[in-house]
Amino acid sequence: MDAGVCSISVDDEYERVGVGDDTEEIHDHASEDYEPEETYIIPNAVPVDQHHETQSSCHMSGLELSEPEDPVRMMIKAIHEGNLKTVENILEENTHLLMAELNMEKLSFLTTDCSAVASLSIMKVTNLFDLAASCERKVILKHLVSHGLTSHREEMENFLMTTEFSYPGEIFEEVVKEDSKVAKNLLNYCVDTVSENTEDTFIKIDLQKFSNPNAIEALLSDGHRELFFHPVVEAQTCLKWQNTRTIFLSFLTWNILFTILLSLLVILDHSHHQAIKTVLDNFYPSIVIMLVLSIMFYVPIIIIEITSVFTTNRKLLSKPKILLQSLHLLLFLSMTLTRPYSGHIIYSPAVVRLHSHLSAWTLLMAWTKIFIIIQDIPAITVYVQIFLNVFCDILKFLLVMISLLIGFCLSFHIILPYNTEDNQRFKSPTNSFFKMISMMKGEISFDTTFTESLIEVEGTTQLIFLLFFLTINIVMINILIGLTITTIQDTR
């Protein structure tokens with residue numbers, strides 16, 4: 001084929017293009033008025049998807065590019081789903097959203113997916129803090145508060161003061177855990193003065209911060225005891241006591257009745273009075289009746305005490321109180337199991353003595369529990385606390401002085417072992433110690449202990465007695481009195 005000649009195959013069936021020898025030569029002349037003599041159709045063309053073509057053209061031209069999702073909507077969705085990581089990422093790039101106001105238009109997609117009760121709670125939401133509280137996302141709420149107080153402290157504090165939250169109690173609880181100073185400022189903001197006329201002025205206290213019952217617990221559990229004496233907290237505590245006073249007094253009365261029944265049981269069982277013995281001889285089942293009544297009164301108390309252990313904040317549980325309750329329960333069970341309740345059953349003397357020991361300790365623990373329960377009455381709390389503080393301080397002081405006490409105890413045991421006039425009270429170290437304790441309070445019994453006719457070790461006995469009198473009876477006792485006065489003043 002010559003140069004400048006184009007060879008094109010023609011096939012009317014469109015499926016055998018280029019097959020065969022039916023060809024026609026067309027000469028390519030560089031002529032301006034050249035027109036082809038035939039129209040050639042390209043066979044088997046691939047159909048074009050109109051939608052795909054439109055979409056591609058749009059992406060290429062940039063006319064219909066999808067806009068990025070609204071960060072507010074993303075934040076709302078992340079809080080609702082409890083996605084803390086997404087919340088953190090959005091806050092890093094859009095920190096202004098933290099205190100942004102939310103409206104129903106932005107929350108509308110949540111109400112359609114929630115139940116009626118959940119929708120009502122969401123409808124009250126006005127900001128991200130309320131949203132986290134309504135969805136019970138405590139971890140996210142804690143992060144929001146922490147992020148605000150760390151990054152925008154002043155702005156956040158002003159926001160907390162001026163905003164009317166739908167869930168102020170939950171938010172205040174997290175603020176207390178995060179920053180006690182901000183919490184104190186919020187409490188100060190809750191106190192205001194109102195003057196109706198020139199003469200009368202009233203103090204207005206806003207208690208919405210304590211709409212969540214855990215708010216007061218947060219003050220104590222996180223160690224912010226100084227906030228507990230704030231006027232707002234005291235007002236809330238007073239109202240709380242008025243609401244729960246009847247329940248508490250009923251529980252106290254029930255404990256007193258149980259302790260009285262237990263005391264009657266022990267007295268009937270161990271008393272040596274002739275009239276009581278006569279009653280028992282004539283009506284032996286009285287012991288069994290008192291035991292059944294005591295158990296009936298004790299079972300509800302045990303249930304309440306166990307329930308309170310599992311429902312109270314772990315940081316607020318009183319370990320000595322729990323120990324006392326557990327010890328009393330153990331003693332009560334041991335006491336009931338070491339006594340025969342029929343005349344045909346006889347225990348060994350060792351078991352009988354053990355029963356006497358257990359009965360005495362059980363009775364003491366029962367009345368001690370009453371003393372501890374009374375401590376929770378606001379009008380009596382200060383007196384019980386004074387006693388406990390003085391007891392602890394004196395115990396610490398005696399532990400410091402224990403070496404001196406042991407020294408005098410053993411010295412008296414060595415030099416006064418054969419004092420027959422005083423029933424040989426210094427013959428054993430144990431008796432010598434308890435005799436020395438009685439001497440500390442002034443019961444020296446000089447005529448029957450330290451006279452010359454009874455002393456075998458002359459000189460040393462008088463000198464040690466003089467040192468004991470100066471050290472213990474004068475110095476230590478006066479220190480204890482001064483320590484008691486100081487502790488009472490500090491407690492008040």
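Isoleucine 79 sits in helix α2, which spans residues 71–81. Helices (H or I, at least four residues) and strands (E, at least two) are DSSP runs, numbered from the N terminus. This is a predicted model: local features need pLDDT of at least 70, side-chain atom pairs count only at pLDDT 80 or more, and totals for chains, interfaces and linings use all residues. Residues are numbered from 1 along each chain as its sequence is written, and side-chain values use heavy atoms, with hydrogens and water left out.

Is isoleucine 79 buried or exposed? Its relative accessible area is 0%, so isoleucine 79 is buried. Buried means under 20% relative accessible area, exposed over 50%, and partly exposed in between (1.4 Å probe, protein chains only). Contact means heavy atoms within 4.5 Å. Neighbours within four places in sequence aside, isoleucine 79 is in contact with Val87, Leu128, Leu131, Ala132, Cys135, Arg137, Ile140 and Leu144.

## Two nonpolar cores

A nonpolar core is a set of buried Ala, Val, Leu, Ile, Met, Phe, Trp, Tyr and Cys residues joined through side-chain atoms within 4.5 Å. The largest has 46 residues. Ile79, Phe129, Leu144, Leu160 and Phe210 have the most contacts inside it. Apart from this core lies another, of 22 residues, including Leu265, Leu268, Tyr298 and Leu358.

Leucine 144 touches Ile79, Val87, Leu91, Leu98, Leu128, Phe129, Ala132 and Met156, leaving aside neighbours within four places in sequence.

## Overall make-up

The protein has 19 helices and 4 strands. Of its 492 residues, 32% are buried. Among contacts between residues at least 6 apart in sequence, 64% join residues at least 24 apart.

## Helix α12 against α14

Helix α12 covers residues 231–270, and helix α14 covers residues 286–311. They pack at an angle of about 150°, with axes 9 Å apart. Axes are lines fitted to C-alpha atoms, for helices over the stretch in contact; angles run from 0 to 180 degrees between N-to-C directions. The two helices are therefore roughly antiparallel. Angles under 35 degrees count as roughly parallel, over 145 as roughly antiparallel, 65 to 115 as roughly perpendicular and the rest as oblique. The crossing of α12 and α14 is left-handed, meaning that the near helix is turned anticlockwise from the far one by less than a right angle; clockwise would be right-handed.

Residues of α12 in this contact include Phe251, Trp254, Leu261 and Leu265. Among those they meet in α14 are Met290, Phe297, Tyr298 and Ile304. The contact of α12 with α14 has 19 nonpolar, 2 polar and 1 charged residues. Here Ala, Val, Leu, Ile, Met, Phe, Trp, Tyr, Cys and Pro count as nonpolar, Asp, Glu, Lys and Arg as charged, and the others, Gly among them, as polar.

## Helix α16 and its partners

The axes of α12 and α16 come within 10 Å and cross at roughly 160°. That makes α12 roughly antiparallel to α16. Their crossing is left-handed. Among the residues making the contact are Phe251, Asn255 and Asp269 of α12 and His355, Thr362 and Lys369 of α16. The contact of α12 with α16 has 13 nonpolar, 8 polar and 2 charged residues.

Helix α15 (residues 319–337) also packs on α16: the axes come within 9 Å and cross at roughly 145°. α15 passes α16 in a left-handed crossing. Lys321, Leu324, His328 and Phe332 are among the α15 residues involved, and Leu358, Trp361, Met365 and Ile372 are among those of α16. The contact of α15 with α16 divides into 10 nonpolar, 7 polar and 2 charged residues. Serine 326 lies in α15. At 42% relative accessibility, serine 326 is partly exposed. Serine 326 and glutamate 305 are 21 residues apart in sequence and 9.6 Å apart in space, C-alpha to C-alpha.

## Helix α11

Helix α11 (residues 214–221) has buried residues Ala215, Ile216, Ala218, Leu219 and Ser221. Their cover includes α9 (168–178) and α12.

## Two loop residues

Glutamine 375 is in the loop between α16 (349–374) and α17 (378–415). Its relative accessibility is 18%, so glutamine 375 counts as buried. Outside four places in sequence, glutamine 375 is in contact with Thr381, Val384, Gln385 and Leu388.

Glutamate 136 is in the loop between α6 (128–134) and α7 (138–151). At 68% relative accessibility, glutamate 136 counts as exposed. Glutamate 136 is not a glycine, but has a positive phi of about 60°.
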